[in-house]
Amino acid sequence: MSALRDALRDLPEDVFFDLLESEDAYLLVLDVPGVSAESLDLAIEDGRISIDAHREKEPTGDYQYVEENRSLFLDVDLPLPDDASDAGAEATVNRGVLELTLPKRGASGETTIDIVDEDV
């Protein structure tokens, strides 16, 4: 997971995130203000997490932009932790906050192994 932590630390200062870990999963919480599920692309491929988000730019009412300081786009490429699985990953975006849950391998409960008695 240190590669993921290092990659998150290298994000621009205006990108806010939390990384949490339990016995069963990782939870990445990433602020994506102005972004909806329709304007967010999220993929896990080849051991990488790809997040591409853009916010709507149209001002409301009679307002016009005087100055713009918020980024319109967020393009993030992060390493998947070695013990994380993309199978069963879940993501939600609510009020500009993306939550990505990555289950850990082997954390889906008990695995039973059939033992064959070859003496019989």
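Me: What makes Asp 77 and Arg 48 a salt bridge in this predicted model?

Reply: Their side chains meet with N to O at 2.9 Å. The cut-off is a Lys or Arg side-chain nitrogen within 4 Å of an Asp or Glu carboxyl oxygen, so the pair qualifies.

Me: What does the pair of Asp 77 and Arg 48 tie together?

Reply: Asp 77 sits in strand β5 (residues 73-79) and Arg 48 in strand β4 (residues 48-54), so parts 29 residues apart in sequence are tied together.

Me: Why is Asp 77 called partly exposed?

Reply: Asp 77 has a relative accessible area of 45%. Buried needs under 20% and exposed needs over 50%, so a value in between is partly exposed. Arg 48, at 33% relative accessibility, also counts as partly exposed.

Me: How many salt bridges does the rule give?

Reply: Three. Another one of them joins Lys 104 and Glu 21, at 2.6 Å from N to O. That pair links distant parts of the chain: Lys 104 is in the segment after β7 (97-103), Glu 21 is in strand β1 (residues 17-21), and they are 83 residues apart.

Me: Why are Asp 6 and Arg 9 separated by about one helical turn?

Reply: Because they are three residues apart in helix α1 (residues 2-9).

Me: Which class does Arg 9 fall into, buried or exposed?

Reply: Arg 9 has 57% relative accessibility, so it counts as exposed, the threshold being over 50%. Asp 6, at 41%, counts as partly exposed.

Me: What makes β1 and β2 a strand pair?

Reply: Five bridges join β1 to strand β2 (residues 25-31), and the two run antiparallel. Pairing asks for at least two bridges, so they are a pair. They form a hairpin with three residues between them. Glu 21 turns up here again, with Tyr 26 as its bridge partner in β2.

Me: How do you know that β3 and β4 pair?

Reply: Six bridges join β3 to β4, again in antiparallel fashion, and the requirement is at least two. In β4, Ala 53 is the bridge partner of Leu 40.

Me: What makes β3 and β5 edge strands?

Reply: The open sheet has three strands in the order β3-β4-β5, with antiparallel pairing. β3 (40-45) and β5 each have a single partner strand, so one side of each is left without a neighbour in the sheet. On average, neighbouring strands of this sheet are turned by 10° against each other, direction ignored.

Me: Which residues touch the most other members of the largest nonpolar core?

Reply: Of the 22 residues in that core, they are Leu 30, Val 32, Ile 49, Ile 51, Leu 74, Leu 78 and Leu 102. The elements giving two or more residues to this core are α1, β2, β4, β5 and β7.

Me: What is Leu 102 in contact with, leaving aside its neighbours within four places in sequence?

Reply: Its contacts include Ala 25, Tyr 26, Ile 44, Ile 49, Leu 80 and Ala 89.

Terms used:
Residues numbered from 1 in each chain as written. Predicted model: local features only at pLDDT ≥ 70, side-chain atom pairs only at ≥ 80, totals over all residues. Heavy atoms only, no water. Helix = DSSP H or I, 4+ residues; strand = E, 2+ residues; numbered from the N terminus. Buried < 20%, exposed > 50% of the residue type's maximum accessible area, 1.4 Å probe, protein only. Axes fitted to C-alpha atoms, helices over the stretch in contact; angles between N-to-C directions. Core = buried A, V, L, I, M, F, W, Y, C linked by side-chain atoms within 4.5 Å. Contact = heavy atoms within 4.5 Å.
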